Every structure is written in structure tokens, then in C-alpha cells.
Amino acid sequence: MTPRWRAVAATAAALLLAGCVQMPTAGPILEVEDTQSGNTSGGTFIDPAPPEPGASAREVVSGFLEAMKAAPIKTTVAAQYLSSEAQVRWKPEGGTITYSDLDPVRGDRVLTVPMVDAEVYDSRGAWSRSLRAGDAELSFPMTLEGAEWRIAEAPDALVVPESWFEDRFSRAALYFLDPTGRILVPEPVFVPEGDQFATSLVRGLLAGPPRHLGTVVRSTVPAGLSLALSVPIDDDGLAEVSLQGPPGVSAEDLVSDEMIAQVAWTLRQDPRITAVRLTLNGRAVPLPGHGQELSPAAGARLDPVGSGSVRDLFALRDGLLVRGDLEEFDETSGPLGSQQLGVRTAAVNLTATQAAAVTTDGTSLLVAPVEDEEGVATELFAGGTDLLPPVWDFTDRLWWVDRTAGGAVVWTSTNERARQVRVPGLTGRNVTSFLVSRDGSRLAAVVREPGGDRVVTGRIQRDERGRVLGATRVRPLDLELEPGRRINDMGWRSPSSLTLLSDITGDLSQVRTVAVEGAPADLDTGATSRIRGGAGTLVSSPARNESVYVVQADGVADLVDPAREIPPLDEGITWLGFVG
């Protein structure tokens, strides 16, 4: 069952005018229920009617809202419901607002339309926030032009039902760079499907990241560029991106490896595209190493899951670090694989050269090479209270949380130096799970509260040298959990989505994939959604085409391939995880 979508965009008040886990000890897997559902695309053709002569003010407002449901997407008919002056001012490309329903219209010369379950997305299609009931109102001042009622001012947004939006928009990403320029960072957006898909992605990329993410991501696309036309795609899959820019921008400004990667990764999401050609002010842009046509596969070294990341599984078996797959694990030659150091959880960096492990009493953190017979394990951190499993990002920076008597303390370390990082809204809370994305730009945590668990996410701020400056205040994801519901485990499903394992009843658990930015919709990943038996723990990876496992004492379920038969794990395995 796919929960109801609620989505979309704009600029808030102005628009309204008013993974690594620890093994369980019990709970057999009894049944795996496949709940994959298909996606719809395109929707039906809708040709709205223009204003009727003599229509009342309320009929004009209703007609305006109906006209914004045009499909293919266009606002020319909707504009006819506005006064001549309002038509000039109206900028529907400023964002999108969606709603599940509209309450009855109120007012006389200023009509108010309350919205139910309203969501706001910005001009790029990035989700901004949900609107509270008191703020979720559209206000329409009315005026007479001749003898006809017209809207004197309208919100600078496309305002549409969530069902209409779900049928015609897809979740995608704009690819920017981390502050060091060493890795791509996806910023999720919702963009129109069909012929407008590639065009919307390019326009979002040219707009750049929002200002409040200035210490989180950056763009190498020169400022001042615009898209001269839409992005046509010919029968051979060649996409023509025609750019216009000020005289100071030259073709040389467009040919950095980083910008090529941004364009390639953003447009590779359109399966029709096999090559991209760039022009600037009507002249072809030569692409060093690519000729004049860019492959969507370009930019592999900036892969957001980490270029060269190892895909092995790692485990602690009888207290020693092993690697391989669920069918067979081999010993590692480093200290954690050859010496009984008394550890309970571990983490391996993306290239599988270094490993970190929490001691059995949860007070210390050890670091050692994975494959080095002469390597030495060093104590990176000591004197903790109760350390959660650590995590690595692509810079070989290590992150961990100490669950102290005063609540969670977030720590990070590079070059064997540990320091605290204050995370507003998370530091000092009762944290049961903690993750950092491989690109080092996001963090996620489960906060346990008396009324139930909450999943919160935030952004990590860095400078151009990669030094951590701090973190943004975390924001809770709107998961609509029942009171008292527990999140047993979580992991990355992609660089911008999380997979959550939660209990439903004592004998039924749920796995769901959610957007890390907070867009209120479960993502259809084709994975299993319900598991009979105890909740167990989750093993997942952000890498593409990777399996997601739920591990219980009596077996392992592959949620991507439910029919797969996996032999029982060795009883000595106490921890299991991918790199990161």
C-alpha cells in the first residue's frame, strides 16, 4: 500500500498572500509481503475552460483553480481569470502549492479558500514545508473590469491538487558539489514528467542551490546563465542544451570537470538521453575529453556514493572483523580481524582500508587498518558512556554519538583528533540511531521520546578545505507514526533517502523508504514493506542496485529480492553492515 502523496512548492507566506546495525537476539522471519506498486506518468489530457461572461466572483476563483489543472501543464487559461494588471505581475513559475482538498470559499470582495494538507515547494521544485491549518489559506482580492469579476492578485505559484501533482511530477535531483568540490551532492526536487522533465532539471541547475545551503553545497555553473529554449531530445537521444549568458561568460567557464559532472548527473535521470550537446550564445561548447557531445555517464569520479566504494559486506564474527557476502565471509588480516580486542559494533570506510569499532562496554572507539598484518589498533576515543555504531564519510572522517547522562553528544574525527559538533535539536536528546551520508552533507537520527520515536535530519556545514563548521538545526520528518511506535533501525537507501524499520504489532514490522529532506511521501522503491516476525535490524546501502536486508536471529530477508533464499547466518555474527 502506497501512502497518500502530499507534495509541492513555493515561497511560503508570500505565496499565500495572507548503514550499520547490531544483530537482534530474537524473532524469526515468517513471511515477507511484497507491496510493490506501479507508477503512473503523464496523467490525462485536461483542457480547462476560460471565464464565462457574467460569472460571479466565486465562480471566477473556482475557475482559476480549475484552470491550473491544465495538462500538459500551462497557465495561459488560468491567467484569463486575472485582471489585466494581475496578469502582468503573476509569476506562476515561482513555486507550487498542493492540497488534498479545498474547504468552502469565504468572503465577498476578498475571497479566502482554506486548503487541507497543503505543501509548499520552491521554484526549483524542492520541498519547503507543510502549511499549518491556520496558514493554509489562499487569498484572492477581487475587482471588476468592465462588468466582469477578475482576480486582482494571485499567489506566485501553481496551485493544484496533490493527486494531479502525483500523476504528473516525478522526484528527481539537482546535482551540486560539496564545498571542497570533491563529490556531488544531490538536492531532491519534483519536476514535471514528459517533455518538460529535462528542461525543468536544467533550469533548476542553472538557478543554483538556495542561499541557506551556502556552507553545505556549491555550484560550478557560472552565475547569470539561462536556458534559451527548452531542452529538445532527438530520436537518437541527443539533448540540446542552449545556454545564454552575459558577455563575460566564455565557453572556457563551462568546461570544468565539475560542471560537466553536474550537467551529466542531473540529465542522466532522463532515460531518453544518450548524449548532451551544450551551446553558449548560439556557439557549440567544446568539452575536453568529450568532444562536442557529453555522455550522461561522465563525472564518475564525483559519484555521490563515493568513487571506488567497496560493495562487500562486513561483519563481526566471534568478535573478529570479516568480509564477503551473506553466503561466505573471509577473515581480514588487520588487528580487528586477527586479535580479540573486545568490540561490539564496527564501521569500515568507503575504500575498506580503515575500520573503527566500539568496545564491548561501549566506552571506547578503536581504529585500525582492515588488511594489514602488521597494523596496530589505536584508541581514538576513550571515557565515553554508551557509543552508538560509528559511521564514515567520503573524506575518511569518522562520526559517532555518545549517549551520555545528559543526552547525545555528536563527535567527529580526522587525523586522530576528535572534537564535539553541536547539532541544534539533536545534542542532548535521547538518540537511538545516527547516520551521516557518504557525501558528508547530511545527518539523520532517531530520537526516542515518551510519545514515540521521531526521525530527524539536518545538514552538515563545511568550509572549502572540508573542515566541519557546524550543523543546521534538525527538522523532524512527518512520518505520521502511531503514538508509541518505535523505529527499530534505519539506513541509507540512496544519497537522499532513508529506509526505516519500525514495529507495527508484536509480530508485524514495516519497512518504508522516505525522503531525507522531509517531503511528506513514502518513496516507491519496489522494496518489501511488511515483514512477519520480530522487527530485527536493517542492513542497507545508498549504492545503486544494492540489496536491503532485514536480519533476525532465525534468518535474513532480502527486501529487493524477496524470493531469494539466504542461508542462516553463523551464530557467532553479532554485527553486519556495508561500508560507510
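Which helices and strand each supply at least two residues of the lining of the largest cavity? The legends below take up this question and then turn to other sites. The model is predicted.

**View 1. The largest cavity and its lining.** Helix H6 (197-207), strand E14 (238-244) and helix H7 (257-267) each give at least two residues to the lining of the largest cavity. H7 supplies the largest share, four residues. The volume of this cavity is about 80 Å³. Its lining is made up of Val202, Leu205, Leu206, Val221, Val241, Leu243, Met259, Val263, Thr266, Leu267 and Leu278. Sorted by class, the lining has ten nonpolar residues and one polar residue.

**View 2. Aspartate 257 in helix H7.** Aspartate 257 has its place in helix H7. The residue is partly exposed, with a relative accessible area of 47%. Leucine 287 is 30 residues away from aspartate 257 along the chain. The C-alpha atoms of these two residues are separated by 9.2 Å.

**View 3. A charge over a ring.** Arginine 268 places its charged end over the ring of tryptophan 265. The distance from that charged end to the ring centre is 3.9 Å.

View 4. The structure holds twelve aromatic pairs. One of them joins tryptophan 164 and phenylalanine 169. A pair of aromatic rings is described by the distance of the centres and the angle of the planes. For tryptophan 164 and phenylalanine 169, the centres lie 6.3 Å apart and the planes make an angle of 50 degrees. Are the two partners buried or exposed? Tryptophan 164 is buried, with a relative accessible area of 5%. Phenylalanine 169 is buried too, at 7%.

View 5. Strand E26 (residues 407-414) and strand E27 (residues 417-421) run antiparallel. Five bridges join them. Threonine 412 has arginine 419 of E27 as its bridge partner. Two residues lie between the strands of this hairpin. Asparagine 415 takes a positive phi there, near 55 degrees.

View 6. The peptide bond from alanine 71 to proline 72 is cis. Its omega is near 0 degrees. Where does proline 72 lie? Proline 72 is in the loop between helix H2 (57-67) and helix H3 (76-79).

**View 7. Aspartate 117, with a positive phi.** Aspartate 117 is not a glycine, yet its phi is positive, at about 55 degrees. The residue lies in the loop between strand E5 (110-116) and strand E6 (119-121). Aspartate 117 is partly exposed, with a relative accessible area of 25%.

**View 8. Alanine 352, with a positive phi.** Alanine 352 has a phi near 60 degrees, a positive value in a residue other than glycine. This alanine lies in the loop between strand E20 (343-348) and strand E21 (354-359). Is alanine 352 buried or exposed? Alanine 352 has a relative accessible area of 8%, so the residue counts as buried.

Definitions and conventions
Residues numbered from 1 in each chain as written. Predicted model: local features only at pLDDT ≥ 70, side-chain atom pairs only at ≥ 80, totals over all residues. Heavy atoms only, no water. Phe/Tyr/Trp six-rings, centres within 6.5 Å; stacked < 30°, edge-to-face > 60°. Buried < 20%, exposed > 50% of the residue type's maximum accessible area, 1.4 Å probe, protein only. Lys NZ or Arg CZ within 6 Å of the ring centre and 35° of its normal. Pairing = 2+ DSSP bridges. 1 Å grid on protein atoms, 1.4 Å probe; cavity = no way out; pocket = protein on both sides within 12 Å on 5 of 7 lines; lining within 4 Å. Points joined across faces, edges and corners; volume = space filled by probe spheres on them. Nonpolar A, V, L, I, M, F, W, Y, C, P; charged D, E, K, R; others polar.
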